[in-house]
Amino acid sequence: MASRAKTSQRLVGFGLYAYLALTLFFPVAIVLLWAFYDPAVGWFPPDIVPRSLSLSAWREVLADRNILPAAGLSLVVSVVVTAVTGALAFPTAWALAQFPFRLKRLVEIFILAPVIVPGIVVAISLGEIFFRLGLTGTVFGVILVQIVGTLPFMIRILTATLEGIPAELIHAARTLGASPTVAVTRIALPLAWPGFAAGGLLTFIASFEEFEKSFMVGAPKVRTLAVQLWSYLGGEVLILPTAAVVTLILLTPMLVIFILAERLSKDDVMAAGLGKL
Amino acid sequence: MKRGIGPLALLVLLLPGVGYLLVFFGIPLVRVIYGSFVSRTGAGFSLDTWVSLFANPVYMDGLRYSLWLAVAPTVASLVIAIPLSALMQANETSRNVFGTLYKIPLVVPGIVAGFLVLIILDRGGMLSRILQPLGIPMPRLVRDDLGVGAIIASAWKNIPFMTLIIAGAMAAINKDVLHAARTLGAGRLTVLLRIQLPLAQPGITAAVLLTFIGSVGSYVIPSLLGPSYPKPLSILMFEQGFQAGNWPLVYAMGTLLSVVAIVVLLAYYAIIGSLGRQKPVGT
């Protein structure tokens with residue numbers, strides 16, 4: 001009986017890892033092959049593995065005047081978007097978490113609306129409005145449009161975290177003579193840290209990988225890394241080795257953040273912001 | 001005990017978040033809806049744009065294709081996410097490592113998912129290189145009429161999200177219930193179908209809804225992997241707007257896409273309401 005249970009456990013484990021191998025390790029291995037194949041020798045069907053490897057695609061990417069600036073731009077945009085999103089979201093989340101008021105449900109639905117309405121609709125409409133305002137093709141415009149997508153999640157995650165802070169705590173601080181500002185900055189902000197961490201990581205990822213909004217508002221002048229990758233994938237020309245290298249560059253910060261997020265926050269913090277409507 | 005707050009202070013607190021969304025989400029959305037009802041000459045109310053939208057097969061095919069590119073990946077990822085979630089419940093030891101790794105596609109941009117499909121499923125891609133020596137002809141999977149490549153890329157990206165929510169809902173089920181059923185002679189499949197799935201149903205519904213809504217307006221995956229006809233509304237909007245300057249039509253398509261998403265959301269609330277479960281899911 002015990003050995004049968006063990007066998008079935010092994011089978012389940014095997015099934016799970018076979019799934020991972022097929023959907024994750026196999027595709028990543030092929031990206032690596034494309035990033036390191038030797039264009040001087042070529043890699044044509046039916047060869048499954050390139051005949052020789054080289055760093056030529058990496059040299060090309062380093063020499064390319066578009067890619068490293070695009071990576072730098074993506075980094076700057078994501079940091080600014082994350083900081084501004086956090087700053088805008090906190091007061092609103094605080095109000096939603098701590099105070100009952102009329103029309104609260106309406107405010108919550110409105111905050112959720114940008115998640116429901118397809119992003120492309122707002123992206124194109126804002127693109128047209130920004131064009132009239134002269135904001136098209138500016139980094140400022142790209143930052144503004146990205147925040148529309150990140151703010152709802154940040155507000156929801158922070159609200160969920162702040163709801164867990166007992167009102168008595170703030171009450172006690174106030175009774176002991178702390179001003180509202182001090183009560184918020186010394187008690188609420190530190191206690192909201194898990195929410196800021198989870199929401200911040202989610203925002204950074206969402207901003208770094210964002211394509212549609214950045215493309216509609218920023219193109220063709222402002223090119224984040226995702227927009228630059230699009231141009232190598234048939235948007236302008238199809239260059240697989242360059243695309244493979246850019247993909248790896250794009251994925252590195254994502255994976256670092258992913259590991260950070262796994263260690264810092266539990267799924268339920270993310271799920272609080274994502275799963276419930 | 002929660003304290004009250006003055007209306008002015010409340011407004012000041014709400015203003016940064018809500019105000020930002022009013023300006024940069026509310027205004028563009030109102031403009032989209034309003035713009036679809038203005039006559040081409042720019043004067044007065046008119047249904048001209050809507051009439052020409054519904055009369056033109058390009059846009060009606062576009063609507064159908066947008067729905068297809070949302071429904072098919074949702075069904076595909078559900079079919080994979082349910083067994084994955086159930087297997088994760090069954091195997092305690094692999095849950096840690098697997099439970100971390102399977103989530104990686106969550107942080108992989110849609111454009112990279114498209115790239116993975118290109119290098120594996122396109123002609124000359126890895127799958128055709130493997131199949132060719134075996135004498136198996138490679139079907140066309142990229143830029144094909146059904147959008148199989150686009151559906152695979154979109155499903156690949158959504159499976160971890162669905163699994164996260166469904167596995168979470170399944171993990172919340174009281175283990176005693178499962179043990180009781182097993183002791184009373186129910187097989188694993190019976191337990192899955194009769195106990196785990198019904199009890200995880202609110203989570204599943206939410207995951208389905210969010211996947212559908214996330215896919216219905218997707219642009220980058222169909223633009224890389226989809227056929228040249230039909231095109232989903234997202235691509236038609238971009239072409240008609242920034243390339244042809246036909247903005248009223250863009251606004252009508254945008255309104256249509258938003259209506260589809262909202263109808264699906266209302267259907268979700270109706271389902272949840274009829275179940276009598278207002279409990280938030282995914283927690």
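1. In this predicted model, 77% of the contacts in chain B between residues at least 6 apart in sequence join residues at least 24 apart. One such pairing in sequence terms can be examined at B:Leu146, to which point 5 returns.

2. The secondary structure of chain B consists of 13 helices, with zero strands. Read along the sequence, the pattern is accordingly written α-α-α-α-α-α-α-α-α-α-α-α-α. The C-alpha trace of chain B spans about 75 × 70 × 30 Å along its principal axes, and 47% of the 283 residues of chain B count as buried.

3. The largest nonpolar core comprises 159 residues. The residues with the most contacts inside this core are A:Leu229 and A:Val246, together with B:Val117, B:Ile166 and B:Met253. At least three residues of the core come from each of domain 1 (2-54) and domain 2 (65-274) of chain A. In soluble globular proteins, nonpolar side chains tend to be buried together.

4. Which residues does B:Ile166 touch, not counting those up to four places away in sequence? They are B:Ala81, B:Ile82 and B:Ser85, and also B:Ala200, B:Gly203, B:Ile204 and B:Ala207.

5. B:Leu146 is placed in the loop between helix H6 (126-131) and helix H7 (148-171) of chain B. This residue counts as partly exposed because it has 15 C-beta neighbours inside 10 Å, where 20 or more would be required for a buried residue and 12 or fewer for an exposed one. From B:Leu146 to B:Pro230 the C-alpha to C-alpha distance is 9.4 Å, while the two residues are 84 residues apart in sequence.

Notes:
Residues numbered from 1 in each chain as written. Chains lettered and ligands numbered in written order. Predicted model: local features only at pLDDT ≥ 70, side-chain atom pairs only at ≥ 80, totals over all residues. Helix = DSSP H or I, 4+ residues; strand = E, 2+ residues; numbered from the N terminus. Contact = placed C-beta atoms within 7 Å. Core = buried A, V, L, I, M, F, W, Y, C linked by C-beta atoms within 7 Å. Domains from an automatic or database assignment.
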